[in-house]
Amino acid sequence: MPQETLLKISNIDVFHGSFQALWDVSLAVKAGEIVALIGANGSGKSTLLDTISGLLHPAKGKIEFEGKDISAVEPFQVVELGITQVPEGRRIFPEMTVLDNLIIGSYNRKARSKREQNLKMVCELFPILKERKNQLAKTLSGGEQQMLALGRGLMSDPRLVLLDEMSLGLAPIVLNDLYKALREIRERGITILFVEQNVRRSLAEADRAYIMEVGRVVLSGDVAELREEEGVKKAYFGV
Amino acid sequence: MTVLADLATPIIMGIFLGGLYTLIALGLSLVFGVMKLINVAHGDWVILGSYFAYTAMTMLGIDPFLSLVMGIPLLFVIGFGVQRFLLNRAFAVSLDAALLVCFGISIIFQNFCQIIWTPFSRGLRPPYGLESFSIGGLHVPLVYLLNFIAALAVMLFLREFLRRTYLGKAINAASQDRRAAQLMGINTGRVYAFAFAIAMAFAAIAGVLLGLTFPFTPTSGVSFLIIAFGVVIVGGLGSILGTFIGGMVFGLAQTLGGHFLGAVAQMLIAYILVFVVLAVRPRGIFGR
């Protein structure tokens, strides 16, 4: 069964003011995949996610989602179209309860009618959130906040979830739970594009990966191939 | 014994007056809490509300409270438009630009009011405007009690609105983390416009109560803006309860200061208090 190309980025240049952050970047994500975007700090990974989310717009090139051109769309519209970003550093709303954080996740029109359904799913994925539902979000631990951020993102009923540096500051044991949740999310038909600095873990969890350096995509392909690729072995595994 | 009895009147008056000050300051506090903008035209919006009620009374014979049926939507819509089409664009340039635009609005409003209603002082004087009633032997003007009740009502409305409605939660979210709110699908431009509009609706209510309590002129807005500043500094910006406590403190400082040191010292005592709060706890009592 041919897989639908969900997200297609074609040769985009993106600027922060006068500084060019992305150079001729192309990337594609097919429905049902888990794709990793790997690179060091400053390689442009977050800029790419922000551009997909509409916080930035490409100066050149095109971004297509489900066949529609979304290059010039506002952030709230991107969410309505079905792409949700779980930002770096969690950025949950600290002075709101866990439940309110989740509820506000379903703010967009389409997601409101499916709120109870999605809430149930999120509580199944992360039972700890159900336990802590009336606590202020700022009282949660780092791992719990990441679960909340992910749950909040899922409440917007996305087809594609963008995850920015989910593992920052989290212990490996917590990460195991999170990656397990990602697999379950994929089982439910949601596609995932995640950004990571940790190469080994990313390649273990993804189907395909793109490697970025200084604003360009330098390598891409199936993870099995990439692991064997000389450049990757030298640069990231020190072999 | 007499001293205590003597104090009872300024204390009650101070608390009730505090209600008016809370009401005036709520709009200022809301706008700052949500978009970090100090709306230096806020006092002028309130006075605009006073003048609207005045016109409704003198030209159409409508009771000031009843005129709010028109006054609230009017200021709501104008506020929405100003934020959506003017301030949003200024924000894209810088926060200072938005501040300057507010300053410009202040000048425009003052001159507009001056042209239409002349510099002579006006007041809202319905039949019940001079009524007073007794609490345990004390005579209190009815209008002062209305100030207090209105403040409680509006605060309750705001708290429930922010807690229970999607828009309220969105305003809350956008004020805590704008970027994250955008990523949740919240149209922050529109949300800011609603927040500003609500704050101006509050200004309309405050305008009616102000007009019932004090005489006003086109430039009165500035004096009440300064009072509103004092209230939110003492109580803490962005907190509803803080604004209320700040209002009470300000009202009490004024009436008790006037009681002990004479009318001339009223505002002085209040502002010395602001000074002390700034020195000791700049965040304000409940500030975040």
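With 26 C-beta neighbours inside 10 Å, Leu154(A) counts as buried (a residue is buried if 20 or more other C-beta atoms lie within 10 Å of its own, exposed if 12 or fewer, and partly exposed in between, with C-beta atoms placed from the backbone). The structure is a predicted model, in which local features need pLDDT of at least 70, side-chain atom pairs count only at pLDDT 80 or more, and totals for chains, interfaces and linings use all residues. Residues are numbered from 1 along each chain as its sequence is written, while chains are lettered from A and ligands numbered from 1 in the order in which they are written.

Leu154(A) lies in helix α7 (residues 142-154) of chain A; helices (H or I, at least four residues) and strands (E, at least two) are DSSP runs, numbered from the N terminus. Neighbours within four places in sequence left aside, Leu154(A) is in contact with Asn118(A), Met121(A) and Val122(A). Two residues are in contact if their C-beta atoms, placed from the backbone, lie within 7 Å. Leu125(A) is 29 residues from Leu154(A) in sequence, and their C-alpha atoms are 11 Å apart in space.

The confidence of the prediction in chain A is given by pLDDT, the predictor's confidence in each residue, from 0 to 100. Its mean over chain A is 91, and 95% of the residues of chain A reach 70 or more. Among the elements of this chain, β6(A) has the highest mean pLDDT (96), and helix α11 (residues 230-237) of chain A the lowest (66). Where pLDDT is low, the predicted coordinates should not be read in detail.

Chain A contains an open sheet of six strands with mixed pairing, in the order β6-β7-β8-β3-β9-β10. Two strands pair if DSSP finds at least two bridges between them. β6 (83-86) and β10 (216-222) of chain A stand at the edges with a single partner strand each, so one side of each is left without a neighbour in the sheet. On average, neighbouring strands of this sheet are turned by 15° against each other, direction ignored. Axes are lines fitted to C-alpha atoms, for helices over the stretch in contact, and angles run from 0 to 180 degrees between N-to-C directions.

Helix α1 (residues 45-52) of chain A lies across β3, β6, β7 (160-164), β8 and β9 (208-213) of chain A and runs at about 150° to β7(A).

A further open sheet in chain A has four strands in the order β2-β1-β4-β5, with antiparallel pairing. Its edges are β2 (19-30) and β5 (68-69) of chain A, each with a single partner strand, so one side of each is left without a neighbour in the sheet. Strand β4 (residues 60-65) of chain A runs antiparallel to β5(A), joined by two bridges, and Glu64(A) stands opposite Asp69(A) in β5(A). Helix α1(A) packs on this sheet, touching β1 (5-16), β2 and β4 of chain A, and its direction makes about 70° with that of β2(A).

Between the chains, 21 residues of chain A are in contact with 15 residues of chain B. On the side of chain A that touches chain B, the elements giving two or more residues are α2 (75-81) and α3 (98-105) of chain A. By class, this side has eleven nonpolar, five polar and five charged residues, where Ala, Val, Leu, Ile, Met, Phe, Trp, Tyr, Cys and Pro count as nonpolar, Asp, Glu, Lys and Arg as charged, and the others, Gly among them, as polar.

Chain B has eleven helices and two strands. Its radius of gyration is 19 Å, close to the 19 Å that the globule rule gives for 288 residues, so chain B is as compact as a globular protein of that length (the radius is taken over C-alpha atoms, and the rule is 2.2 Å times the number of residues to the power 0.38). Of the 288 residues of chain B, 52% count as buried. Ala270(B), in helix α11 (residues 266-280) of chain B, counts as buried with 26 C-beta neighbours inside 10 Å.
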